[in-house]
Amino acid sequence: MLKCVIFDLDGVLVSTDELHYRAWKAIAAKLGVPFDRSDNMRQRGVSRMESLEVVLEKSSHTFTEQEKQALAQEKNERYRSMLSGLGPDAVLEGVCDTLAMLERRGIVLAVGSSSRNAPEILERTKLADRMDVVVSGLDITHSKPHPEVFCKAGQRAGVLPRECLVVEDAATGVQAGKAAGMKVLAVGAAKDNAQADFRFADLSEAQSSWNGIFAAFEDSCPEPGAG
């Protein structure tokens, strides 16, 4: 039985991807290295320091750990300054209807994000009060594709992995969800990911398919006394 849905944040519930792109592009420009949308795609679902490595790999300079930390901090400051204008209009299409439907069914709503800014983003977009569990980059040691963020979300929700559905838009997130022993609904950039159990362009497109998703969880439950 499906008891908990764990959402990634950026690209699933809200759209802050453009802000990340602009902040990283500014860092790349400062270093005099090229940075485009394909580079930005490789940063999806991973930690800030891993995202920084995507930028630095095009530089001939060898950076000290102190220099890397300073660049990551500068990127975050640029990003956070842009977050000041974020509001409920950043919530993606289909999200509010999906949350309302899951609330009516008594499903635990959770966020599992590698972003350390996730709590602030949820507050600014008025989604914080709708979430029962939030696990962010502040709570984890390993970033996706490690399953830690989803495992912690499931544990805090008090449910088993087989009772959880992860909603992700990044390949690393799909990997993390499957590694956690959970089913995965892929959207956005991950909508064609073969590892995912369900695939849609976005949560709006998934609206008419939730009965089937719930049924898939019922079908996968072991018979009483089995095993």
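How many salt bridges does a search of the whole structure find? The search finds 16. Please keep in mind that this is a predicted model.

**Salt bridges across the chain**

- E163 pairs with K3, and their closest N and O atoms are 3.1 Å apart. E163 belongs to the loop between α7 (148–157) and β4 (164–168), while K3 sits in the segment before β1 (4–7), so this pair ties together parts that are 160 residues apart in sequence.
- On the E163 side the residue is buried, at 11% relative accessible area, whereas K3 counts as partly exposed at 36%.
- E74 forms a salt bridge with K30, with 2.6 Å between the closest N and O atoms. Here helix α4, which holds E74, is linked to helix α1, which holds K30, and the two residues are 44 apart in the chain.
- E74 is buried because its relative accessible area, 17%, is under 20%. K30, by contrast, counts as exposed because its 53% is over 50%.
- E57 and R42 make another salt bridge, the closest N and O atoms being 2.6 Å apart. This one connects the loop between α3 and α4, where E57 lies, with helix α2 (residues 37–42), where R42 lies; the separation is 15 residues.
- E57 is partly exposed, with a relative accessible area of 46%, and R42 also counts as partly exposed, at 46%.

**The largest pocket**

- The lining of the largest pocket is made up of 34 residues, and V46, S47, R48, S114 and S115 are the ones that lie nearest its centre.
- Two or more lining residues come from each of α1 (17–31), α3 (48–56) and α4 (65–83). Which element gives the most to this lining? That is α4, with six residues.
- By type, the lining residues divide into 17 polar, ten charged and seven nonpolar.

- Leaving aside residues up to four places away in sequence, K68 touches M49, L52, E53, L56 and F63.

Terms used
Residues are numbered from 1 along each chain as its sequence is written. This is a predicted model: local features need pLDDT of at least 70, side-chain atom pairs count only at pLDDT 80 or more; totals for chains, interfaces and linings use all residues. Side-chain values use heavy atoms; hydrogens and water are left out. On a 1 Å grid over the protein atoms alone, a cavity is a set of points where a 1.4 Å probe fits but cannot get out, and a pocket is an open set with protein on both sides within 12 Å along at least five of seven lines; lining residues have an atom within 4 Å of a point. Helices (H or I, at least four residues) and strands (E, at least two) are DSSP runs, numbered from the N terminus. Ala, Val, Leu, Ile, Met, Phe, Trp, Tyr, Cys and Pro count as nonpolar, Asp, Glu, Lys and Arg as charged, and the others, Gly among them, as polar. Contact means heavy atoms within 4.5 Å. A salt bridge is a side-chain nitrogen of Lys or Arg within 4 Å of a carboxyl oxygen of Asp or Glu. Buried means under 20% relative accessible area, exposed over 50%, partly exposed in between (1.4 Å probe, protein chains only).
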